[in-house]
Amino acid sequence: MHALLSWLIWLPIGAGILVLALGDRNIVIGRWLALAASLATLGLAVPLWAHFDTTTPLLQYPQHLPWIPRFQAFYALGVDGISMPLIVLTAFMTVPVVIAAWRVIATRVAQYYAAFLIMEGLMIGVFAASDALLFYFFWEAMLIPMFLIIGIWGGPRRVYATIKFFLYTFLGSVFMLAALIYMYVKAGSYSIASFQALPLSLSEQRWIFAAFMLAFAVKVPMWPVHTWLPDAHVEAPTGGSVILAAIMLKMGGYGFLRFSLPITPDASRELDLLVIALSLIAVIYIGYVALVQQDMKKLIAYSSISHMGFVTLGAFVMYEIVRSTGSLQGAGMGVDGAMVQMVSHGLVSGALFLCVGVLYDRLHSRQIADYGGVVNTMPMFAAFMVLFALANCGLPGTSGFVGEFLVIIASFRASFWYSALAAVTLILGAAYTLWLVKRVVFGPVLSPRVAALEDLNGRELIVLGALAVAVLVIGVWPAPLLKVMQPTVHHLLSQAVATKL
Amino acid sequence: MDQTLLYAPAVAEIWLVCAICVLLLIEVFAGERRRGLTATLTLVALAVGAALLVRYGQVRERTLLFDGTYLADELGVVLKLAAFLLVAVALLYSRAYLEHRNIQRGEYYVLALTALLGICVLVSANSLVTVYLGVELLALSVYAMVAFDRDSGVSAESAMKYFVLGAIASGTLLYGMSLIYGLTGSLDLGTIAARLHPPLSGGVVLGLTFIVVAVAFKLGAVPFHMWLPDVYEGAPTSVTLFIGTAPKIAYFALALRLLAQGLAGTEAQWTQMLAALAVLTLVVGNVVALVQTNLKRMLAYSTIANVGFIVLGFVAGTPDGYAAALYYTFAYVLVSLGSFGVILLAGAKGFEADQLDDYKGLHSRDPLLAAAMMVLMFSTAGVPPFIGFWAKLRIFQVLWETHHLWLVVLAAAMSVVGAYYYLRVIKLMYFDEPVGAQPAALREAGVRFALGVNAAAVLALGLLPGPLLDLCARVIH
């Protein structure tokens, strides 16, 4: 019985409640407490990775306690190679959010920190749960802090954005809940493993696949249910955008890998072209949409949708590989790529939103047109911004390259055209990202307000520096990450191509 | 066996009758000088009654009393205890409100106790006559409570509406009962259940239809819901709080005793009728709630929407379904108790906090009330980690078990529609700035503490839903 995962979940939640209880009057203590809690959580994530057994696809650090005996629902936790890196990512990304808010958030500070800490615990819970009911419990509970974060600390249209965000996700989730309950009624238990082993007819699988698709596609988000994301991102405070892009979107990808593929393999095989088509539309069409954005946050939001297209493409392209080559050779690369892309996008998009936050704190504008020539006054910032922008276009040596490259190679095995279309992103991504950098960072200083900008302070330097190191390490040496995932990915492939009929 | 102990299972009702008589006398002699006295004594009477019920009212198995007209079982004990608790908390929340409106009179508390007596009678009914007795005792007390603020035209109007429509429903109930009695030759619910088997005669189905209409009226299911928004909005808020809580338990018992137990043989018919009612109720309740500007009225439509879910539990037609409906009822009354409590506490002398706009920026004026309200709203919206989530989950589960695919889909879609207007309340409290100078909310430490406990219970029962789920299942089976 390991309690490590429980600590990872409940430590930040407990700290969040404590910060809330301390209130704004004791915010100095509260702030340090929040930082300490987020660092402690990150510290707990280190042994999680260090003691992880990379030879087995079984769930590790299992914890199994009775929760609701009547439903055969357990407080059951455990991680494998897919969920463990995402938990580490969650623990890692919360720290910059806490630091970035240090002086920036002026109102209801205690509640701000509490919301992020509680959300961190709930997000880790989503990845750690091995019981579907517990998974859903965290999955939905997470909406509450995010709803408040966007609604309280957001921009002018925050109410519209946050209600749209909540209702979109809620709509997707309730149908997933209906599907989970249906499987519970058949299987007599809520454990995810029992769902994966449950024999289901093709028509049942289709319905369940559709319900999952609704939930996860909204979360990823896939075209055409992506419209909540640009609104939510633009209106959210910097920390909200970072968590939204870095972690919350990953839950959709995680859901596909954990639920859709193993539980409904036949429906996934049958409907894979739907997912691949939607992914390619996201990659290309949303890439074009990103090109014309005037608002930096909106541009990065659309870029996120486009990049997340690679995750869904990588997850489902295996069926096309089997179909065209008759073997599973190379199919693992797609899933590997999807996973690396998720981790990498978490770091890169989080970092880009933090960069925008740095500029926004100084000028209170997100419009690209208000900037220009930032490099002249903020050279250090410019260096980081360019690095993250290059990672966003998938430059070799950065983490962005690894994921996209793996997915493109895998889709080449399936069909030349998939990889050709997916590779368009290399051009489009470079176009919108570099154009953004050109207009914001380079060029002559046009506005007097830009001329008065001050470069990064120590706090910002630490945050962006840590992210830059992570982006480069994964870009240069992705092997440890791939090694951690390997047995789980193999196991997932065998589940996903096996038939339940 | 000792003759007095024979009636021990009915101790709660006997105690209530005594307490009502004594309180009426005390009120006459204490008069105007000691206004709070009756209120305090009522709470004491409720506590003693609950204690007596726990000590002497427990039964090991189903026990029939009073020539089979009265049934004592574990379900009855649980429902009565819940009703005692709800009435006590409701009266506690109302005290300051009643004082501010100069309607703090002994009769109010006596009427609350007679209503509670009606609830207890209904919960333990085992004969058509006892059912009717309970229904009327409860209804007549509540009519008077709605009209209690006699100088308020709105209250009088809603009391009148309630009374006229309620009388029609009572007539319908009696007519249905008379048909069933005529065709089975018995008033006893057990005997009726034994004598009604398919194939059913047209007369039985006709009688059943009238009974279902009356039950739907009492619960507030569409299209028999017309009274509910007007009464909720027009009644003094303390009375709305009262109507929205303990009587729901009684009407759950009404549906269970009459339909699921007495008319079990006609299940195939009434589940279909209820399914149609549930669909209408879910759609109308949720959609109409979207456009309300008055919080009490919005919560009235939210009540209707929630009733839709309770009815869905009955549609399943299995013991699990009834247990789900019971659990949903508990979850709903707990939230209802808290949300009307917030309305009571947010008001002040001469200021009724019943418009949605009165809640703008509540968070900065009164964080505790806002936090409690947020918890309650998320709970009714069905978001974990609150109890409302499990209530909905349980209903979905029994619907799947009985293969009601389309009802699951509809209920799921309607919970999303419903989420919008609950979120709007949170938006007003947390995202909007306060407008104008509003009178400070009532500061009553004890009552505020009770409200905090109420909201905490919604959270605690959401984190660990097991025990209450088990209790509901056990008392039904």
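In this complex, 24 residues of chain B are in contact with 26 residues of chain A, two residues being in contact if their C-beta atoms, placed from the backbone, lie within 7 Å. The model is predicted: local features need pLDDT of at least 70, side-chain atom pairs count only at pLDDT 80 or more, and totals for chains, interfaces and linings use all residues. Residues are numbered from 1 along each chain as its sequence is written, while chains are lettered from A and ligands numbered from 1 in the order in which they are written.

**Interface and confidence**

- On the side of chain B that touches chain A, α17, α18 (405–431) and α20 each supply at least two residues; helices (H or I, at least four residues) and strands (E, at least two) are DSSP runs, numbered from the N terminus.
- The largest share of that side, ten residues, comes from α18(B).
- By type, the residues of chain B that touch chain A are 18 nonpolar, three polar and three charged; Ala, Val, Leu, Ile, Met, Phe, Trp, Tyr, Cys and Pro count as nonpolar, Asp, Glu, Lys and Arg as charged, and the others, Gly among them, as polar.
- The predictor gives the complex an ipTM of 0.90 and a pTM of 0.92.
- Chain B has a mean pLDDT of 89, with 97% of its residues at 70 or more; pLDDT is the predictor's confidence in each residue, from 0 to 100.

**Chain A overall**

- Chain A holds 22 helices and two strands.
- Its radius of gyration is 22 Å, close to the 23 Å that the globule rule gives for 501 residues, so chain A is as compact as a globular protein of that length; the radius is taken over C-alpha atoms, and the rule is 2.2 Å times the number of residues to the power 0.38.
- Of the 501 residues in chain A, 62% are buried; a residue is buried if 20 or more other C-beta atoms lie within 10 Å of its own, exposed if 12 or fewer, and partly exposed in between, with C-beta atoms placed from the backbone.

- The 19 residues of α19(B) (445–463) should span 27 Å at 1.5 Å a residue, and the end C-alpha atoms are 27 Å apart, which agrees; the expected span is 1.5 Å times one less than the number of residues.
- Buried residues of α19(B) include Val447(B), Leu451(B) and Val458(B).
- On the other side of α19(B), Ala445(B), Gly446(B), Phe449(B) and Ala456(B) are exposed.
- The buried residues of α19(B) pack against α3 (74–100), α14 (319–346), α16 (367–381), α17 (387–401) and α20 (466–476) of chain B.
- Among the buried residues of α19(A) are Tyr418(A), Leu428(A) and Val440(A), and their cover includes α13 (272–291) and α14 (296–325) of chain A.

**Backbone exceptions**

- Most residues other than glycine have a negative phi, and most peptide bonds are trans.
- A cis peptide bond, with omega about 5°, joins Trp223(A) and Pro224(A); Pro224(A) is in the loop between α9 (202–219) and α10 (228–235) of chain A.
- Pro384(B) and Pro385(B) are also joined by a cis peptide bond, with omega about 10°, and Pro385(B) is in the loop between α16 and α17 of chain B.
- Arg108(A), not a glycine, has a positive phi of about 45° and is buried, with 20 other C-beta atoms within 10 Å.
- Phe66(B) has a positive phi near 50° and is partly exposed, with 13 other C-beta atoms within 10 Å.
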